[in-house]
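The entries follow in the order I looked things up.

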Amino acid sequence: VLHTLGYTVICVVIQVFGGLLFAIFLSRITKFRAGLQTLYYVPVVISSVAICQIFTKLFSVTPTGVINALLSVFNPDLLYMEWISNDSLSLIIAASVEGYKYLGLYMVIFYAALIGIPKELDDGANVIQQYRYVKIPYIRPVIIANCILVLNGSLRSFDISYLLTKGGPGNSSELMSTYMYKQAFTSMKYGYGSAVAMVIVAICLIVGFLFRR
């Protein structure tokens, strides 16, 4: 449960706040907007299997992946840095990959909300004032809706974590959903697996209700 809550917090930060920042950036530029919008959205339509394969190669140690190769320029010891198999980093890596995959989806929703704000509301305000006092409060219902969607999606997330780390090493990146799957379909404890699934539903409802309040 604690792993899942931590995973959810990381996903909310990346998908909601990252998506909002990217949407603000897109709403401020005029050139190459359509191309960047498409580029940011590409991970959403790529399958989770492909995304996990890409990041497995990027974080690879043998052969050396792109991440370690770049970091080794600044510190040679980082050439052999373990990421996915590091018990203190695996959960963060899995959550970051999921955040990256779905960031574009929420960026598009925020972008649509931002361009729908009446232009006359910005009169007499500088850029910071526009976003602090006008635009962000105006799209507050969209922000709340996106937060609830990300919360529910992250609390029952399964595919990225299972494909990337399988809950490991050990149980360092185990989520409620991967734990439920292993209990029901690996250990053949169908009753216990069903009970865990019901707890996931209950937690999703409780967290969503509290956040809404």
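What share of the contacts in the protein chain with a separation of 6 or more comes from residues 24 or more positions apart? I looked this up and got 66%. I note that the model is predicted.

**Entry: overall build**

I went through the secondary structure and found 10 helices and 0 strands in the protein chain. Read from the N terminus, the order of elements is α-α-α-α-α-α-α-α-α-α. I took the box of the C-alpha atoms along the principal axes and got roughly 60 × 45 × 25 Å. The protein chain has 213 residues, and I find 39% of them buried. For the accessible surface I have about 12,100 Å². Carbon and sulfur atoms account for 68% of that surface.

**Entry: H1 and H2**

I then looked at helix H1, residues 2-28, against helix H2, residues 33-45. Their axes come within 10 Å and cross at roughly 165°. The cut-off for roughly antiparallel is over 145 degrees, so H1 counts as roughly antiparallel to H2. I noted the hand of this crossing as left-handed. On the H1 side, I list Phe22, Phe25, Leu26 and Ser27 as the contact residues. They meet Arg33, Leu36, Gln37 and Tyr40 of H2. Sorted by class, the contact of H1 with H2 has 5 nonpolar, 2 polar and 1 charged residues.

**Entry: H1 and H6**

Next I checked H1 against helix H6, residues 127-138. The axes of H1 and H6 come within 14 Å, and the crossing angle is roughly 120°. H1 and H6 are therefore oblique to each other. I recorded the crossing of H1 past H6 as right-handed. H1 contributes Leu20, Ile24, Ser27 and Arg28 to the contact. From H6 I list Val127, Gln130, Tyr131, Lys135 and Ile136. By class, I have 5 nonpolar, 2 polar and 2 charged residues in the contact of H1 with H6. Going back over both lists, I see Ser27 of H1 in the contact with H2 and also in the contact with H6.

**Entry: Ser88**

Last, I looked up a loop residue. Ser88 sits in the loop between helix H4 (66-71) and helix H5 (90-115). Is Ser88 buried or exposed? Its relative accessible area is 52%, and exposed means over 50%, so I put Ser88 down as exposed. I also took the C-alpha separation of Ser88 and Pro169, which is 9.3 Å. Along the chain, Ser88 and Pro169 are 81 residues apart.

Terms used: Residues are numbered from 1 along each chain as its sequence is written. This is a predicted model: local features need pLDDT of at least 70, side-chain atom pairs count only at pLDDT 80 or more; totals for chains, interfaces and linings use all residues. Side-chain values use heavy atoms; hydrogens and water are left out. Axes are lines fitted to C-alpha atoms, for helices over the stretch in contact, and angles run from 0 to 180 degrees between N-to-C directions. Helices (H or I, at least four residues) and strands (E, at least two) are DSSP runs, numbered from the N terminus. Angles under 35 degrees count as roughly parallel, over 145 as roughly antiparallel, 65 to 115 as roughly perpendicular and the rest as oblique. A crossing is left-handed if the near helix is turned anticlockwise from the far one by less than a right angle, and right-handed if clockwise. Contact means heavy atoms within 4.5 Å. Ala, Val, Leu, Ile, Met, Phe, Trp, Tyr, Cys and Pro count as nonpolar, Asp, Glu, Lys and Arg as charged, and the others, Gly among them, as polar. Buried means under 20% relative accessible area, exposed over 50%, partly exposed in between (1.4 Å probe, protein chains only). Accessible areas come from the Shrake-Rupley method with a 1.4 Å probe; for residues, only the protein chains shown count as cover.
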